[in-house]
Amino acid sequence: MLKLTIDNIPIEVEEGTTILQAARKIGGKIVPPAMCYYSKLSGSGGKCRTCLVKVAVSSAKDPRPIAKLVASCSTPVQDGMVVQNITSKEVLDARKAVVEFLLINHPLDCPVCDQAGECDLQDLSFLHGMDETRTEEDRREFPVIDIGQLIKLHMNRCILCYRCVYVADQITGKRVHGVLYRGDVCEISTYIENVIDNDFSGNVIDVCPVGALTDRTFRFKSRVWFLKPMDAHRNCPKCSGKVTAWMFGKEIYRITGRKDMYGEVEEFICNECRFEKKELNDWVIEGPRKIKRQSVISANHYEKLEIPSIIEPIAGEMINKNADNADLSG
Ligand code: SF4
Ligand code: FES
């Protein structure tokens, strides 16, 4: 086992664990945000830079710091490592810059975007973004593409996290799309239309951290915060049949995979469950789903939420600047 500290909190983990995975074992405010890493998709991570952390001590053998901030999702821990996340102003400044960078080309169309309320970039901007833009250049523009009858691609909103590419590769087993070109002309290939042939293609919607891939059967039906997420299941021959049913009264507006506190689905679900079973009698409703994510979808639901505070170690002490955390519950 390797010993390290993250934001002054000690933890022991197995060799091969990344800093982000170690932080998730501790949990709470010190977990770096992640827009491209997805624990269920191998090879994911290392694309978006939102998870940057500072390594103040590399290891017990080599106590030198790492000169640049590192991506916590793809940096393995070393014995004796000292990591700073929210205890480092440098990290918080870098995160702010990464949000600004991601928004250079991302349209500010949250008011009409179906992902609003459960968008990782929206949440990240809320916590780390600036309230004004410093750019006046035009954003990139792409035509909106229908991927069959069920999924829509808004390439304008894509942050090129590659998650949908990994889903097609690893879950559908039949990848026919990918990221083309480099630099500001980089895009998800339009050949993505063909991915719809597979029973598990709808999972690209659940893994997309922004509103680039949306469910055509749900588009513009409701803002997510007006719906009640309920755990539901059915006997499905293709997947586990365990889903979240998003309900308004007794009507089911949409079906998604059950997401954990990091916005990752617990189990990938099939297209039949997701797109074809929208009647109440298709499902056994288990009860309200606890939304543990810090997001506007938690508003008016079940949890009291806290804004992460900035903790700075001064002379070995932990000073919590925001002792009075704001209560965001509805
Ligand atoms: S479409 Fe969504 S999931 Fe695919 S690369 Fe873009 S942001 Fe990521
Ligand atoms: S989550 Fe680590 S680089 Fe994207």
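This is a short tour of a predicted model, stop by stop.

**Before you start.** Residues are numbered from 1 along each chain as its sequence is written, while chains are lettered from A and ligands numbered from 1 in the order in which they are written. Because the model is predicted, local features need pLDDT of at least 70 and side-chain atom pairs count only at pLDDT 80 or more, while totals for chains, interfaces and linings use all residues.

**Whole protein.** Show everything as a cartoon.

**Colour by confidence.** pLDDT is the predictor's confidence in each residue, from 0 to 100. Its mean here is 85, and 85% of residues reach 70 or more. Select strand β4 (residues 70-71): confidence is highest there, at 98. Now select strand β16 (residues 317-320), where the mean is lowest, at 40.

Select residues 2-6 and 9-13. These are strands β1 and β2, and they pair in the antiparallel sense over 5 bridges. Two strands pair if DSSP finds at least two bridges between them. Click Thr 5: its bridge partner in β2 is Pro 10. The hairpin has 2 residues between its strands, and Asp 7 takes a positive phi near 50°.

**The open sheet.** Which order do the 4 strands of the open sheet have? It is β13-β12-β11-β14, with antiparallel pairing. Look at β13 (251-256) and β14 (284-288): each has a single partner strand, so one side of each lacks a neighbour in the sheet. From one strand to the next, the twist averages 40°, taken between N-to-C directions of lines fitted to C-alpha atoms, on a scale from 0 to 180 degrees. Next, select β11 (residues 228-233). It pairs with β14 in the antiparallel sense over 4 bridges. Met 230 stands opposite Pro 288 in β14.

**Ligand 1.** How many residues surround ligand 1? There are 14, and the closest are Cys 158, Cys 161, Cys 164, Cys 208 and Ala 212. A residue counts as near if its C-beta atom, placed from the backbone, lies within 6 Å. The shell divides into 13 nonpolar, no polar and 1 charged. Nonpolar covers Ala, Val, Leu, Ile, Met, Phe, Trp, Tyr, Cys and Pro; charged covers Asp, Glu, Lys and Arg; the others, Gly among them, are polar.
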